[in-house]
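Please keep the sequence and the model open while reading.

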Amino acid sequence: SQQGEEDPQALSIQEGENATMNCSYKTSINNLQWYRQNSGRGLVHLILIRSNEREKHSGRLRVTLDTSKKSSSLLITASRAADTASYFCALFQGAQKLVFGQGTRLTINP
Amino acid sequence: DTGVSQDPRHKITKRGQNVTFRCDPISEHNRLYWYRQTLGQGPEFLTYFQNEAQLEKSRLLSDRFSAERPKGSFSTLEIQRTEQGDSAMYLCASSPPLAGGDEQFFGPGTRLTVL
């Protein structure tokens, strides 16, 4: 399959804890992007990491990319209730389209 | 609001009817995409425009589906002879010219229910 596969499919943690989601893929990529989707704000771009990068940070988000293992991880630190959402990795393969995985459903419990 | 807008937000139709959705991208964005998302799944790519040219179509886009972007601004997605399997959220996204990055900005979607 060309799509990324997220793991776990669902994750439930307490507010303040860190959340880690993983994405594995099988094809070569130009970049890998993470998106968040909730009912209030729709699908929102979080962070993009290029194939020649290993790690990127954006606020409470940290993304890593290991092209040798064809995997990426998204870490959300100090989680908040507002982080409750589905998180998708999306592969950009140079064909001007994103290929999304099935997503990780994250629930932050107060 | 200068984000991507879609209209309508919800559409309920009977099997066999035709439906048309509209997407207005962010004004400076020349790249426009349509995706379809079913419950519990990630979005699936349908088609891509650069300006008014439709440059890529997914095999998911059967001959009942047609998309246009006549003046390189707004786009329409038409589904003819709708089937129950067409029920889904239809998402539109746009992104700036190639040098501006590959991040895509998504609209709120049109939820289609085919009875």
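Where in chain A is Asp83(A) found? Asp83(A) sits in the loop between β8 (71-76) and β9 of chain A.

## Basis of the values

The model is predicted: local features need pLDDT of at least 70, side-chain atom pairs count only at pLDDT 80 or more, and totals for chains, interfaces and linings use all residues. Residues are numbered from 1 along each chain as its sequence is written, chains are lettered from A and ligands numbered from 1 in the order in which they are written, and side-chain values use heavy atoms, with hydrogens and water left out.

Strands are DSSP runs (E, at least two residues), numbered from the N terminus.

Asp83(A) is buried, with a relative accessible area of 4%. Buried means under 20% relative accessible area, exposed over 50%, and partly exposed in between (1.4 Å probe, protein chains only). Contact means heavy atoms within 4.5 Å. With neighbours within four places in sequence set aside, Asp83(A) is in contact with Arg60(A), Ile76(A), Leu106(A) and Ile108(A). Its side chain also reaches the backbone nitrogen of Arg80(A) at 2.8 Å.

The side chains of Asp83(A) and Arg60(A) form a salt bridge at 2.9 Å, N to O. Here a salt bridge is a side-chain nitrogen of Lys or Arg within 4 Å of a carboxyl oxygen of Asp or Glu. Arg60(A) lies in the loop between β6 (55-58) and β7 (61-66) of chain A, and Asp83(A) in the loop between β8 and β9, so the pair ties together parts that are 23 residues apart in sequence. Arg60(A) counts as partly exposed, at 23% relative accessibility.

## A salt bridge within chain B

Over all chains, the rule gives eight salt bridges. One of them joins the side chains of Arg64(B) and Asp86(B) at 2.8 Å, N to O. This pair links distant parts of the chain. Arg64(B) is in the loop between β6 (53-57) and β7 (65-68) of chain B, and Asp86(B) in the loop between β8 (75-79) and β9, 22 residues apart. Both Arg64(B) and Asp86(B) are buried.

## Strand β4 of chain B

How many of the seven residues of β4(B) are buried? Seven of the seven are, so β4(B) is largely enclosed by the rest of the structure. Arg31(B), Tyr33(B), Tyr35(B) and Gln37(B) point one way from the strand. Leu32(B), Trp34(B) and Arg36(B) point the other way.

β4(B) has two antiparallel partners described here. Strands pair if DSSP finds at least two bridges between them. Six bridges join β4(B) to β5 (residues 44-50) of chain B, where Arg36(B) has Glu44(B) as its bridge partner. The hairpin of β4(B) and β5(B) has six residues between the strands, and Gly40(B) takes a positive phi near 80 degrees. Seven bridges join β4(B) to β9 (residues 88-95) of chain B. Tyr35(B) stands opposite Leu91(B) in β9(B).

Arg31(B) lies in β4 (residues 31-37) of chain B. Its relative accessible area is 0%, so Arg31(B) is buried. The side chain of Arg31(B) reaches the backbone oxygen of Pro96(B) at 2.7 Å.

Arg50(A), Arg31(B) and Asp102(B) are linked in a network of salt bridges. Asp102(B) forms a salt bridge with Arg50(A), with the closest N and O atoms 3.9 Å apart. This pair crosses between chains, from the loop between β9 and β10 (105-106) of chain B to strand β5 of chain A. Asp102(B) counts as buried, at 13% relative accessibility. Arg50(A) counts as partly exposed, at 37%.

## The interface of chains A and B

The size of an interface is often given as the accessible area lost when the parts come together. Between chain A and chain B, about 1,400 Å² is buried, and carbon and sulfur atoms give 50% of this. Buried area is the accessible area (1.4 Å probe) that two parts lose on being put together, summed over both. The contact takes 17 residues from chain A and 17 residues from chain B.

The rule finds two salt bridges across this interface. Six residue pairs are in polar contact, both residues at pLDDT 80 or more. A polar contact is a pair of N or O atoms within 3.5 Å; within protein, one must be able to donate a hydrogen and the other to accept it, and residues adjacent in sequence count only if both atoms are side-chain atoms. On the side of chain A that touches chain B, β4 (31-38), β5 (42-50), β9 (85-92) and β10 (98-100) of chain A each supply at least two residues.

Definitions and conventions. Helix = DSSP H or I, 4+ residues; strand = E, 2+ residues; numbered from the N terminus.
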